[in-house]
Every structure is written in structure tokens, then in C-alpha cells.
Amino acid sequence: LKAIWAQAHGAEPFRSKALGGTCWPATCRAASPMAGSPEISITVRCAASGFEWCSVRLPPQASVAELRRRISAGRPAELGAGAHGVHLFHGAALLREGSTLELSGLGDGSEVGVVRVDPLGAWREGTLRWRTVTVPQPTYYTGLRVHAVGRDRLFGFPEDAQWSVGRVKRRAGVSDFWLIGADESSADYAPEGALPDGPRFVGLRRLPLPLPEGHTVTFASFDDGILSVTVGEAGGRHALWHRFRLHATDDDLGRAHYETLVWAPRGLGDRPWVRPPSECYGGFVARESHQRKAGRLQRLMTVQDAEQTVLSEFEIEGGHVGQGVQALGQDYMLCGGEHAGEDAFYDMRLFNWRTGELIRTVNLGFDPGYVESDWDRGLLLGSSQSFYITFGNAGGDSCSVVFCTPEM
């Protein structure tokens, strides 16, 4: 099938180190814009097989990052759920997200080849961009409890129903629910103070529950896209249960909404939410152990498959036990840095877990310059390969969400 497709399109296979083998490039094919429209048509094909995925229409001035977003949103089955990276090729040339379609040679409509890559693949050599979103939401010092919901977005709300900042007591309300995005298509929802520069825009939107404003939230749990809450009526003594399905993966952040569901209680005595282990990815599991050897503490990183077969085992220097794996991919592992203590780490390291090679050290490019062990963090679900960190700000009147995104 590859040979037939290549012969029909006059294409030749090429070797790609990034793709790890032989790939079949996309070929250029002119496509007339729609009548009266400046948009061009781009046919998207799987770079490995040549089969057509979809067709995308965009103006020539659109960025490659926008094309990547459209492809990721339109073909979730092929790209798979969870965190993933996407490389786009025009012929044998890798398209860079900061460039426009026109400057990339796609101005008259073309075909683009797509390949899924390791969710930490762009961290290997790409420039890392740190961005901080200040959320005007009073919280405990750990910040919002956040959940990666897809489309490179987080859904967050206060971890506790009530908490104290000094002598001031706070209670969670029906308006204390937020969506924070790391890869929005425009600056329409850029928060105050954020730099409105693309091609990846941050976004912030308050998403109140469809309940009376006077109600207070006494319990909140989010699992598999379902938000379960108990609320107390203003001045009342009875708690009411509600369930909502969150719809938040549309390209337009403004279209995010709740769908009210019939209440079906389950696991009400459980802890509201436990952060999924970042040391799991695609059937791989990373574990950290330690032992004393030759008078020093040895930290051993082990990666296993679903059948608990050991795929790799290597030693890392420095750091602190318990500040190990922060994110795991098919080939790469992001760990807490060499400078770490019991309560926090101050940098991160990227390893090729298949070989044990240290790829790079990542300095933390945000204030306060460290990550405490109980702050929420992990990889976003989507194609931006963004790592997120959340924490409360001094004074307790706001909190921060930090994104570290590699340039691709």
C-alpha cells in the first residue's frame, strides 16, 4: 500500500531520526480556496502509511501551531488519549509551530504528514517557555486542586470546602470553578497580566456551577469528566447533591459548559480526589527504590510494562527519595532534580529511561523557583507537551498555575 501510494504521488521514502525509521512524506497538491474565502485546504495524512486522516481549512497567515491544534482536535482516535506530541512534515521538512502556513510553503494548499511522538520528545532539545497564570481565587497554600481534562486544559477548584488564611475563614462557593488553558488559539481569554503573544496563548475562564449564587460547596469530586458536588443552601441546614458532566474540549474556551446529570451516588466516603500517578504512561510504570551501596545512598529507577517485566533499570545521582518521577513517556522520563530535599525540589532532569542517559537539566523559570512536594503537577492531556505546577500565592487571595511548554 505504501508503494502504491508513493508511486501515485511521486514520493520517495526518507529517513527521520525524530521518527525513528523510514517515513513516507506528504506531497504537495494545490487546492483552490473556497469561493470568496481566503482560506486554503490542507489534506492531512499519516506520515507512516500515507492514508488520509482529514482536511483542514485555514488562512495562509495561520500558524503551524493552529494547524497542529486543528489536527489534534479533529483526529483524537488516531492520536490516542492522554498526553502526546505531534510532528508535522511538508515533504521531508519538519514544520515549526512559530511559522505561518505561507512561510512554510503551504500557502497554496498542500498535504501534510503527521506522526505522533513521545509526549516528552520536544523537551529533548526544544527551548522551554515558562508562563504563569494568576487565578483570582482564594485558596489554601497548595493552590487549586486541578485535573487535566484534555485539549491542554486544566479544570480546578479549591481543595477544601473551607479553610483559614490567618484569622479569616473562607468557604468554597458555586463560582469557584475554573478552566485554565496552555494552548488556546487566540488571546480572547488571556488573563490580566499575561503576554498576548502566540502562537500558544494561555486562557483563563471562571465556570460557575448552574446553581444559585448563594449556595456554598461542602464537597467536590471530579472523575472521568463527571463533577459531583454537595451544596448547602443559603441559611439552610440541608445539603443537596448534584452531578454535572464537563464539556471543555471545544476549540473555543467560551463554549465550555456543564451538562446536568441524574444523581447516582458512589464512593461518597472516599477522599474527594487523588492525583493520578505521573509515573504511569501507556502501559509503562516507573518505580523508585533506594539502598546503601559503598557508604552512599543509591537511587534506582525501574521501568516495567503492564506484565511487570523490567524494561530498564538505571541509577540517578543526587536528589531525594520521593522527588523522583514527575512525568513518563514512551522513551523519556522527567524527574526531580539533583538539588532536592524532603519538602521540595529546585530543578528537574530529563532522562532517556531506555538507556539511562541524562538528556538535560531543566532550571525552574518561575517564582518562587522551587516545587513543594504537595503541589499539584504533571503533564497536560493534549499535544502541547506542557508540564503544569499549581500553588497558592502569599496572602491567600489568589493562586498560580505555571506552564512549561517546549517550542516545537
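1. Basis. This is a predicted model: local features need pLDDT of at least 70, side-chain atom pairs count only at pLDDT 80 or more, and totals for chains, interfaces and linings use all residues. Residues are numbered from 1 along each chain as its sequence is written, and side-chain values use heavy atoms, without hydrogens or water.

2. Make-up. The chain has four helices and 31 strands. These are DSSP runs: H or I of at least four residues for helices, E of at least two for strands, numbered from the N terminus.

3. Of the 408 residues, 50% count as buried, meaning under 20% relative accessible area with a 1.4 Å probe, protein chains only. Take contacts (heavy atoms within 4.5 Å) with a separation of 6 or more: residues 24 or more positions apart account for 56% of them.

4. C404. This residue sits in strand β31 (residues 399-406). C404 is buried, at 0% relative accessible area. Leaving out residues up to four places away in sequence, C404 touches W123, L128, R129, W130, Q385, S386 and F387. T132 lies 272 residues from C404 along the chain, yet their C-alpha atoms are 8.9 Å apart.

5. An open sheet. Four strands run in the order β15-β16-β17-β18, with antiparallel pairing. Pairing requires at least two DSSP bridges between two strands. β15 (216-223) and β18 (257-261) are the edges, each pairing on one side only.

6. β16 (residues 226-232) and β17 (residues 239-247) pair antiparallel over seven bridges. T230 has W241 in β17 as its bridge partner.
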